[in-house]
Amino acid sequence: MPSPARPKAVITHERGSTSSVERAMRVLRVMSEGGGVRLTDIAAAADLDKATALRLLDVMAREGFVARDAKSKEFTLGPELTVLGAAALRRFDPRPLARPSLMRLAGVFQDSVVLSIRSGVESLCIDVEEGTYPIRANYLNVGSRRPLGVGAGSLALLAWLPDDEREAALETLSGQLERYPRITPALLRERVAQARERGYAVLLDVVVERMGGIGVAILDAEGRPVAALSIAALNERILTREAALAQALLHEATVCQVRWAEATRADRRAPTIHKETKR
């Protein structure tokens, strides 16, 4: 089975005056899936003309936030973003807590297991453990972004948002689902209700033909979703093992929640070091 093409990030935004900072953020978001990206593709996905995109990229290259390959002319993220990313993840990084769960799930079920977090009205893939089954759902990579609800883990993140936040997200998403013609706000509301009733989310044959996923939310002490675990596989591999997959995912989500609570308590108990003020 040929691997489906990896979807490129597409930035949707309100028309009107846009600052250079906002344009630069759109460019970086387009590039966040990793790998080299051509100027033409960056400009199109960020909805900028090529001259503006190149000007922004040149500035960011001088500051170390992007790099350009001299031979291919493609742009990649630069080392300064690695520093910023590491600083951000020191504050919030569920990967070490969830990595054992990803490994256990992939080992038992042999399909790809994904860890996702919410970023605004998108879900962001931050870790993947590939299974050994020959036909893999390899269209999700670390750095992949999708609108909330597009994918099982993404749907779990949406489903366990507070009601008012979920409705606000759905209203925003109504204009961002053009790339997924089988997914509508009405379908998402229906699948959210099913997920809340079951305790887990299932989405089959609507993002990639013959492929689907099953996912659960990892919740904090207030019941808000901080991340999601999901398994992506052929539709029949999910349907024939749905109960076992759901039980295992819910168990691992509980393990992650306990570890999250312990890590949060330890962080709160950690002493704060105050720098001495020079007189």
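**Exercise 1.** At roughly what angle do the axes of helix α6 (residues 152-159) and helix α8 (residues 185-198) cross, and within what distance do they come? Classify the arrangement and describe the contact.

*Solution.* The model is predicted: local features need pLDDT of at least 70, side-chain atom pairs count only at pLDDT 80 or more, and totals for chains, interfaces and linings use all residues. Residues are numbered from 1 along each chain as its sequence is written, and side-chain values use heavy atoms, with hydrogens and water left out.

Step 1. Helices (H or I, at least four residues) and strands (E, at least two) are DSSP runs, numbered from the N terminus. Axes are lines fitted to C-alpha atoms, for helices over the stretch in contact, with angles running from 0 to 180 degrees between N-to-C directions.

Step 2. The axes of α6 and α8 come within 9 Å and cross at roughly 80 degrees. Angles under 35 degrees count as roughly parallel, over 145 as roughly antiparallel, 65 to 115 as roughly perpendicular and the rest as oblique; α6 and α8 are therefore roughly perpendicular to each other.

Step 3. Contact means heavy atoms within 4.5 Å. From α6, Leu 155, Leu 158 and Ala 159 meet Leu 188, Arg 191, Val 192, Ala 195 and Arg 196 of α8. This contact of α6 with α8 comprises 6 nonpolar, no polar and 2 charged residues (Ala, Val, Leu, Ile, Met, Phe, Trp, Tyr, Cys and Pro count as nonpolar, Asp, Glu, Lys and Arg as charged, and the others, Gly among them, as polar).

**Exercise 2.** Carry out the corresponding analysis for helix α1 (residues 20-30) and helix α3 (residues 50-62).

*Solution.* Step 1. The axes of α1 and α3 are 10 Å apart, and the helices pack at an angle of about 85 degrees. Hence α1 and α3 are roughly perpendicular to each other.

Step 2. Ser 20, Arg 23, Ala 24, Val 27 and Leu 28 in α1 touch Thr 52, Leu 56, Leu 57 and Met 60 in α3. By class, the contact of α1 with α3 has 6 nonpolar, 2 polar and 1 charged residues.

**Exercise 3.** Is Gly 212 buried or exposed? Locate Gly 212 in the fold.

*Solution.* Step 1. Gly 212 belongs to strand β7 (residues 211-219).

Step 2. Its relative accessible area is 8%, so Gly 212 is buried (buried means under 20% relative accessible area, exposed over 50%, partly exposed in between; 1.4 Å probe, protein chains only).

Step 3. Gly 212 and Ala 233 are 21 residues apart in sequence, and their C-alpha atoms are 5.7 Å apart in space.
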